[in-house]
Amino acid sequence: MAAASSTSASSTLLHPLHNNNTSSLLPSTTTLHRRSSSLSLISSRNTSPLIQFSQKGFANPLFVAPVEKKKSPVRTEAVKQLTGFLTKAEGFRFAIVVARFNEIVTRPLLEGALDTFNKYSVREEDIDVFWVPGSFEIGLVAQKLGQSGKYHAILCIGAVVRGDTTHYDAVANTAASGVLSAGINSGVPCIFGVLTCEDMDQALNRAGGKAGNKGSEAALTAIEMASLFEHHLKA
Ligand SMILES: Nc1c(NC[C@H](O)[C@H](O)[C@H](O)CO)[nH]c(=O)[nH]c1=O
Ligand SMILES: CC(=O)[C@@H](O)COP(=O)(O)O
């Protein structure tokens, strides 16, 4: 197959909060050229040194791992690597399930998600928002929406904040396993945008405060997963 032309990370729409940002810049089919250190793992046919994964990507989205020239004895050119990408989100349909509990947190998370969908060209009419009482209720609704066949991905938003009792653990664990089950049972990507925090400060920091907006990040994950399923995992 002919090599794709080189892509510069800076020329591609990239959300500043996206964790594994460079993965989403890759074309849908990439080839492993080298396996090297624990930091630099994958390059694509686009051999731009900017297109490198980083295990530290979550901590520092601007981090670019140094390119290592070390030769590997393993021939990996033919290994196909498949990924979703962010550049063609127009036409994807998303449902957002958002918990009203701790709305002071979940509303800015929702706004972050909507803002990101907008930036990545998802049309407003392709997004439906479903409010539920609390995070405990998210999984069931997400599963139903996934099974409806109407959406490419379901984005789940909630905020579980620790109180005095063990209630926190029950709600947080149920929310996580509920979202996971919804995805597995429906076959539609269900994205976990539920904060599980020790206190309200932690939660607000992640809803547009010092630690960014996790709703926005979850929207990027939704687009990437929708793309992966659409382009590579269709039955
Ligand atoms: N404590 C939190 C809840 N609790 C409510 C439950 O989610 C649920 O609505 C109720 O138990 C009825 O089934 N929900 C959150 O989203 N966050 C919390 O911190
Ligand atoms: C989910 C919670 O932790 C909270 O709303 C419940 O608080 P508490 O454990 O004090 O009853």
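Residues are numbered from 1 along each chain as its sequence is written, and chains are lettered from A and ligands numbered from 1 in the order in which they are written. In this predicted model local features need pLDDT of at least 70, side-chain atom pairs count only at pLDDT 80 or more, and totals for chains, interfaces and linings use all residues, while side-chain values use heavy atoms, with hydrogens and water left out.

User: How many helices and strands are there in the protein chain?
Analyst: Helices (H or I, at least four residues) and strands (E, at least two) are DSSP runs, numbered from the N terminus. Along the sequence they follow the pattern β-β-β-α-β-α-β-α-β-α-β-β-α. The count is five helices and eight strands.

User: What share of the contacts in the protein chain with a separation of 6 or more comes from residues 24 or more positions apart?
Analyst: Contact means heavy atoms within 4.5 Å. Buried means under 20% relative accessible area, exposed over 50% and partly exposed in between (1.4 Å probe, protein chains only); of the 235 residues, 45% count as buried. Residues 24 or more positions apart account for a share of 75%.

User: What distance separates the end C-alpha atoms of helix H3?
Analyst: The expected span of a helix is 1.5 Å times one less than its number of residues. For the 20 residues of H3 (residues 167-186) this gives 28 Å. The model agrees, with the end C-alpha atoms apart by 28 Å.

User: Which elements do the buried residues of H3 pack against?
Analyst: The buried residues of H3 are Tyr-168, Val-171, Ala-172, Ala-175, Gly-178, Val-179, Ala-182, Gly-183 and Ser-186. They cover an arc of only 130 degrees around the axis, which puts them on the same side of H3; the arc is that of the directions from the helix axis to the C-beta atoms. On the other side of H3, Asn-173, Leu-180 and Ile-184 are exposed. The packing partners are helix H2 (138-147), strand E5 (153-161) and strand E6 (190-197).

User: Which residues of H2 are exposed on its other side?
Analyst: Ile-138, Gly-139, Ala-142, Leu-145 and Gly-146 are the buried residues of H2. Seen down the axis, they fall within an arc of 130 degrees, so they line one face of the helix. Their cover includes strand E3 (94-99), strand E4 (127-132), E5, H3 and E6. The exposed residues on the other side are Leu-140 and Lys-144.

User: Which residues are closest to the centre of the second largest pocket?
Analyst: On a 1 Å grid over the protein atoms alone, a pocket is an open set of points where a 1.4 Å probe fits, with protein on both sides within 12 Å along at least five of seven lines, and lining residues have an atom within 4 Å of a point. About 230 Å³ of space lies in the second largest pocket, a volume being the space filled by probe spheres set on points joined across faces, edges and corners. E5 and H3 are the elements that give two or more residues to its lining. Of the 16 lining residues, the closest to the centre are Phe-101, Val-160, Val-161, His-167 and Val-171.

User: How far apart are the C-alpha atoms of Ala-153 and Phe-94?
Analyst: Ala-153 is found in strand E5 and is buried, with a relative accessible area of 0%. Beyond its neighbours within four places in sequence, its contacts include Arg-93, Phe-94 and Ala-95. Phe-94 is 59 residues away along the chain, yet the C-alpha separation is 5.3 Å.

User: Is Thr-106 buried or exposed?
Analyst: Thr-106 is in helix H1 (residues 103-119). Leaving aside neighbours within four places in sequence, Thr-106 is in contact with residues including Trp-131, Ile-157 and Gly-158. At 0% relative accessibility, Thr-106 counts as buried.

User: What is the phi of Asn-102?
Analyst: Most residues other than glycine have a negative phi. Asn-102 lies in the loop between E3 and H1, where it is buried with a relative accessible area of 18%. Its phi is positive, near 60 degrees.

User: Where does Ser-121 lie?
Analyst: Ser-121 has a positive phi of about 70 degrees although it is not a glycine. With a relative accessible area of 38%, Ser-121 is partly exposed. Its place is the loop between H1 and E4.
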